[in-house]
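Student: Could you take one part of this model and go through it slowly with me? I would like to see how its residues are arranged.

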Amino acid sequence: MRELLLGNEAIARGAYEAGVTVATAYPGTPSTEIIEQITRYPEIYAEWAPNEKVALEVGIGASIGGARTLVAMKHVGVNVAADPLMTFAYTGVNGGLVLISADDPGMHSSQNEQDNRLYARFAKIPLLEPADSQEAKDFVKLAYIISEQFDTPVMVRVTTRLAHSQSLVELGEREKIKLKPYTKDAAKYVMLPGYARTRHVKVEERLLALAAYAEQTPLNRIEWGDRSVGIITSGVVYQYAREVMPTASFLKLGMTNPLPKKLITEFVQGVDRVYVVEELEPYLEEQIRSWGLKVTGKQVLPVVGEFNPELIAEKLLGQPPVEVYQVEENVPARPPVMCPGCPHRGVFYVLNKLKLKVTGDIGCYTLGALPPLNAIDTCICMGASIGTALGMEKARGREFAQGVVAVIGDSTFVHSGITPLIDVVYNRGTTTVIILDNGTTAMTGHQDHPGTGVTVDRQPTHQLDLVKLVEAIGVQRITVVDPFDLTRMESVVKEELAAAEPSVIIARRRCALLDKPADLKLRIDPEKCTGCRLCLRLGCPGLELRDKKVRINETICVGCQLCTQICRLNAFEKVGGQNA
């Protein structure tokens, strides 16, 4: 039976058919749907982990315990998980373990566009790159065989375009894989230096065996065509190149670490000119060039951004760029904005009003950096806001720190904000931290986390108490504030910045997409509104300027009433609802 599946759905199906019984992840675009789809299969235990490092560590435990295990994350998540990954590459597996790295060329939803093929090479583990949904399913299944045959974790790398596009997939039956016996083996799983040295030798031996496998596996295949031009490529880019140059000869690489040197040499010597077509880094090109083979790659193809067939046609065939539909009128720029009724808006309005320096973090609230709020000064990576604020204090002193706050979401705080807060307390910082607690992981689609009290399969569980957690870290000054209460919010921020000790403000209100703030409508009395535009500083899409006066867009206003609090003319009036 065949079904039309997203790449991420196909990966989940591959794990199911491969007999996987444990799957872990932290949500991150473009990987999020993998775990969500796996929850369709009750045979697999699935969980959202607090972060990617923990996800991999849980996966390692499951693998050592004898289970086939899948761990999924976006590309920057592998940075978080890199520490256990590098050592797990030494210990090897018991039950097979597959790590899905979902890379994001073009940065559709990421802070960088790193190429994680380099991680596989760095860790010296096999790397598979499927080109469509069918291969995504098939490669995941094969990855478990490779993992157990060669005693190694295997990385399967996909990109946004494959993860979120559909193609037909032939479905198979679930394999009956028995839980492997667990045997205590300190020399294999305890990486004391004496044991680790012997394991490193095995890693090198394994790499040679894998290189021999890469030469004969059907994952890597030559498709002879017109021998005047040869294309070496991998992943979804293979589909683009095939579409543009259907008669050319192709070397399609499904296994890209280690590379099949003999096969590549045969291909290069069998065609007149060779292009290496790959997104982002010259990962394949540099290795092929190091063998003395002449290929063309980044001389003509860009090292930044996502590829598409039109770009390949332009760069390799000299075809003019495809004209796209152009709007002749000047359309005003429409930057992304927070949702109407977003509880973060009030916080950033206050921080901007107070002219504070704000170290930000990853999540919806990064939009607080954009006009008109202009409230965020820095945003580096998950969990970096608190450490960044402490670093500013240590560099510039206590007086400077009185004008600095760190903001971080509840999910991100659990992910990697706890340890830097410990650092603040331990090293006598005075950082003021605002935890933007909207009760979900909103940015990736409202996934739960330990602070929501619900598991990935919607089962109730122990709910992490942020107040008690922060108290346990050693913070004495903790205040829970409704971010819709602007007066209270401003007062608390001023008070905590003045305190010469660490403080945490928990700005708590549910995401507006989960709970509408109020069941009422607002209108503006045109006689009272003078068009001062003070309310527009909120950046609320529910407010519009018409004929030099502010109007409410009733189709999207949710009645949060932030605007009513800052209007000095009392021009806003409540219409209907229980608060009317």
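Tutor: Let us look closely at helix 18 (residues 466–473), in which Leu-466, Leu-469, Val-470 and Ile-473 are buried, where buried means under 20% relative accessible area and exposed over 50%, with partly exposed in between (1.4 Å probe, protein chains only). Seen down the axis of helix 18, these buried residues fall within an arc of 95 degrees, so they line one face of the helix; the arc is that of the directions from the helix axis to the C-beta atoms. An α-helix has 3.6 residues a turn, so residues three or four places apart point the same way. This is a predicted model, in which local features need pLDDT of at least 70 and side-chain atom pairs count only at pLDDT 80 or more, while totals for chains, interfaces and linings use all residues. Residues are numbered from 1 along each chain as its sequence is written, and side-chain values use heavy atoms, with hydrogens and water left out.

The buried residues of helix 18 pack against helix 17 (410–426), strand 17 (432–437), strand 18 (477–481) and strand 19 (503–508), contact meaning heavy atoms within 4.5 Å. Helices (H or I, at least four residues) and strands (E, at least two) are DSSP runs, numbered from the N terminus. On the face turned away from the buried side, helix 18 carries the exposed residues Lys-468 and Ala-472.

Now for the two ends. Asp-465 caps the N-terminal end of helix 18, with a side-chain oxygen 3.0 Å from the backbone nitrogen of Val-467. Just after helix 18 comes Gly-474, which takes a positive phi of about 120 degrees.

How values were computed: Polar contact = N/O pair within 3.5 Å; in protein donor to acceptor, adjacent residues only side chain to side chain.
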